Amino acid sequence: MHQPAIIHFTDKDLDGESCAILSRIAYADQEVLVRGVSPYTVSQEIETFIEQELAPGMSVVITDVSVNEKVAALIQKQVARGHSFVLIDHHPTALPLSAKYDWANVVVEESGKKPSATSLYYDYLIQKGALAPTDVLSHYVELVRAFDTWDWEASGNDQAHQLNLLFYLAERETFADQVIGRLRGEGGDTDQFVFTEWESILIYAEERKIAAYEQKKLRQMKRLPVDIDLDKPKQYTVGVVFLEQYHSTTGSFLCKSDETIDFVAMLDPGKGRISLRTTRDDVDLSVIAAHYGGGGHPKAAGCSFTGVTLKTFVYPALRVH
């Protein structure tokens with residue numbers, strides 16, 4: 001049975017998918033199999049892959065997610081046997097991997113800027129000689145980085161936000177194919193990544209829809225006192241709301257609209273997930289999420305529904321709604 005040359009495990013958001021797009025461009029002459037995973041399933045999926053599918057000659061790429069120590073040890077054994085693995089991530093919770101394993105590359109700040117997995121993987125591919133930088137590629141990578149790190153908001157780079165909207169409006173494979181064509185220069189000679197006229201219309205309609213949705217969720221949000229025992233017990237004022245879409249933009253909107261809250265907890269029962277967002281510099285959501293078995297960035301993180309998180313966030317929200 002024919003085996004793909006490169007297996008690329010990556011997160012399912014814009015940053016993760018853009019890493020896969022770079023793989024498909026860099027390794028256009030090889031078969032690249034992309035597997036979308038989440039931070040909560042990646043360890044189990046890679047463990048199963050190593051046990052059941054890993055074959056000689058395969059190269060394994062892991063981007064925008066990290067693995068637990070058990071799976072990291074399994075990967076290290078495979079690397080010692082000659083298999084090729086590389087992990088590229090930018091989440092602080094993955095830093096211990098980078099300190100321990102040569103195949104793990106985790107960077108949370110680079111030249112005074114916050115990187116994304118896409119920007120780190122872009123640099124990695126260039127340094128490896130697998131990809132030649134171009135103006136349009138660099139522009140696209142910067143759009144992804146700006147959105148994923150929320151630098152777009154401070155700089156007013158609305159195109160970065162609009163690119164993320166387009167990503168969720170389109171079917172994932174269609175989005176990737178369209179982007180790859182433009183990044184290869186098939187849409188004409190340009191040094192910028194630009195939207196088509198039809199994409200711009202779709203984005204405009206989506207922006208109006210989101211604005212109405214955000215106002216609705218602001219009216220529904222409840223403010224709850226939540227005691228969290230980290231280094232020492234502290235009570236936070238948390239905005240809690242049931243939210244099944246637009247987590248990043250709506251979370252930021254809710255935080256800015258109510259400065260009395262320390263962070264917002266967005267409950268998604270369908271996925272059993274809680275997304276956390278803050279705009280405050282004195283709140284580190286990566287630490288708070290890790291306390292509940294999750295992870296992420298200081299201003300954007302998440303965790304799953306568990307007995308503890310249900311008691312802390314969900315049940316109180318149900319009582320006051």
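**Entry 1**

I began with strand β11 (residues 300-304), where four of the five residues are buried, so the strand is largely enclosed by the rest of the structure. I took buried as under 20% relative accessible area, exposed as over 50% and partly exposed as in between, with a 1.4 Å probe and protein chains only. This is a predicted model, in which local features need pLDDT of at least 70 and side-chain atom pairs count only at pLDDT 80 or more, while totals for chains, interfaces and linings use all residues. Residues are numbered from 1 along each chain as its sequence is written, and side-chain values use heavy atoms, with hydrogens and water left out.

Helices (H or I, at least four residues) and strands (E, at least two) are DSSP runs numbered from the N terminus, and I called two strands paired if DSSP finds at least two bridges between them. On that basis, β11 pairs with strand β9 (residues 273-277) in the antiparallel sense over five bridges, and I274 stands opposite C303 in β11. Strand β10 (residues 295-296) also pairs with β11 in the antiparallel sense, over two bridges, with G302 in β11 as the bridge partner of G295. A hairpin of three residues joins β10 to β11.

**Entry 2: the cysteines**

C255 is one of the buried residues of α11, a helix (residues 247-257) that is mostly covered, with eight of its eleven residues buried.

**Entry 3: the parallel sheet**

I then traced an open sheet of five strands, which has the order β2-β1-β3-β4-β5 with parallel pairing. β2 (32-37) and β5 (104-106) stand at the edges with a single partner strand each, so one side of each is left without a neighbour in the sheet. Neighbouring strands are turned by 15° against each other on average, direction ignored; for such angles, axes are lines fitted to C-alpha atoms, for helices over the stretch in contact, and angles run from 0 to 180 degrees between N-to-C directions.

Strands β1 (residues 6-11) and β3 (residues 59-63) run parallel and are joined by five bridges, with H8 opposite V61 in β3. Helix α1 (residues 14-26) packs on the sheet, touching β1, β2 and β3, and its direction makes about 160° with that of β1. Contact here means heavy atoms within 4.5 Å. Helix α2 (residues 42-52) lies across β1, β2, β3 and β4 (84-89), running at about 145° to β2.

**Entry 4: a helix pair**

Which residues of α6 meet α8? I listed H139, Y140, L143, V144, A146 and F147 in α6, which meet Q159, A160, H161, L163 and N164 in α8. Helix α6 (residues 135-149) and helix α8 (residues 158-169) pack at an angle of about 85°, with their axes 8 Å apart. The two are therefore roughly perpendicular to each other, a label given to angles of 65 to 115 degrees, whereas those under 35 count as roughly parallel, those over 145 as roughly antiparallel and the rest as oblique.
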